[in-house]
Amino acid sequence: MSDTRRKALFLDDDADILAAADLALRRHGYDMTGAQSPDEARARLADTKFDILLLDLNFRRGDTSGEAGLTFLEERKRIDPHTPVVVITGHSGLSIAVQAMRMGAEDFVVKPWHNDRLIATLNAAIEQPRVVPPPPPPADLNLERSERELIREALSRHAFNISHAAKELGLTRAALYRRMEKHGL
């Protein structure tokens with residue numbers, strides 16, 4: 001085998017799905033490793049660096065909530081945010097797949113998949129990963145500091161014109177003067 005083959009880990013509890021995916025992926029330059037439980041996937045991930053993770057959202061027969069898969073996705077993205085994840089869903093539906101993408105999955109494929117679509121999705125996820133913006137910084141919940149900063153910003157934007165800053169803040173000039181005095185501005 002050459003070094004150009006990509007390594008994929010597929011977490012799915014169905015051995016037949018894993019076998020079908022293995023055939024399709026091997027034909028298109030991937031070496032696929034299957035895992036039938038989250039614990040087995042964790043062990044494989046600890047031993048090997050994979051180029052991509054394929055993730056079923058349900059690991060128990062009859063479960064269609066997607067909860068187990070979303071929990072695993074959240075864990076993996078926290079541990080390794082750079083390995084692309086493609087969700088493979090059958091029973092969970094599109095709303096769960098969209099939720100997985102909001103949590104950092106690059107894309108999703110619906111079972112039963114078309115092999116060409118599956119391979120194109122995997123290649124795109126590896127070659128052009130989605131840029132997920134970092135979470136916004138935590139808001140300062142201290143009202144005193146927040147008010148002071150808002151007043152300073154409004155004054156700065158209006159070149160310290162009290163009338164314009166007060167209008168922007170929805171205050172009277174007198175109220176703005178009192179608040180400026182309170183905050184030492």
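Predicted model: local features only at pLDDT ≥ 70, side-chain atom pairs only at ≥ 80, totals over all residues.
Visitor: What makes Asp-31 buried?
Guide: Its relative accessible area is 16%. Buried means under 20%. The value falls under that cut-off, so Asp-31 counts as buried.

Visitor: Where is Asp-31 found?
Guide: Asp-31 is in strand S2, which covers residues 30-35.

Visitor: Why is the pair of Asp-31 and Arg-5 called a polar contact?
Guide: The two side chains make this contact at 2.8 Å. A polar contact needs a pair of N or O atoms within 3.5 Å. One atom must be able to donate a hydrogen and the other to accept it.

Visitor: What is the order of the strands in the open sheet?
Guide: The sheet has 5 strands, in the order S2-S1-S3-S4-S5. The pairing is parallel. From one strand to the next, the twist averages 20°.

Visitor: What makes S2 and S5 edge strands?
Guide: Each of them pairs on one side only. Strand S5 spans 107-110.

Visitor: How do you know that S1 and S3 pair?
Guide: Two strands pair if there are at least two bridges between them. Strand S1 (residues 6-11) and strand S3 (residues 52-56) have 4 bridges, so they meet that condition. Their pairing is in the parallel sense. Ala-8 stands opposite Ile-52 in S3.

Visitor: Which strands does helix H1 lie across?
Guide: Helix H1, residues 15-27, lies across S1 and S2. Its angle to S2 is about 170°.

Visitor: Why are H7 and H8 called roughly perpendicular?
Guide: Helix H7 (residues 162-169) and helix H8 (residues 173-183) pack at about 95°. Roughly perpendicular covers 65 to 115 degrees. The angle lies in that range, so the term applies. The helix axes are 9 Å apart.

Visitor: Which residues meet where H7 packs on H8?
Guide: On the H7 side they are Ile-162, Ser-163, Ala-165, Ala-166 and Leu-169. On the H8 side they are Arg-173, Leu-176, Tyr-177 and Met-180. These residues divide into 7 nonpolar, 1 polar and 1 charged.

Visitor: Where is Thr-172?
Guide: Thr-172 sits in the loop between H7 and H8. A polar atom of its side chain lies 3.0 Å from the backbone nitrogen of Ala-175. Thr-172 and Asp-31 are 141 residues apart along the chain, and 69 Å separates their C-alpha atoms.

Conventions: Residues numbered from 1 in each chain as written. Heavy atoms only, no water. Axes fitted to C-alpha atoms, helices over the stretch in contact; angles between N-to-C directions. Helix = DSSP H or I, 4+ residues; strand = E, 2+ residues; numbered from the N terminus. Parallel < 35°, antiparallel > 145°, perpendicular 65-115°, else oblique. Contact = heavy atoms within 4.5 Å. Nonpolar A, V, L, I, M, F, W, Y, C, P; charged D, E, K, R; others polar. Buried < 20%, exposed > 50% of the residue type's maximum accessible area, 1.4 Å probe, protein only.
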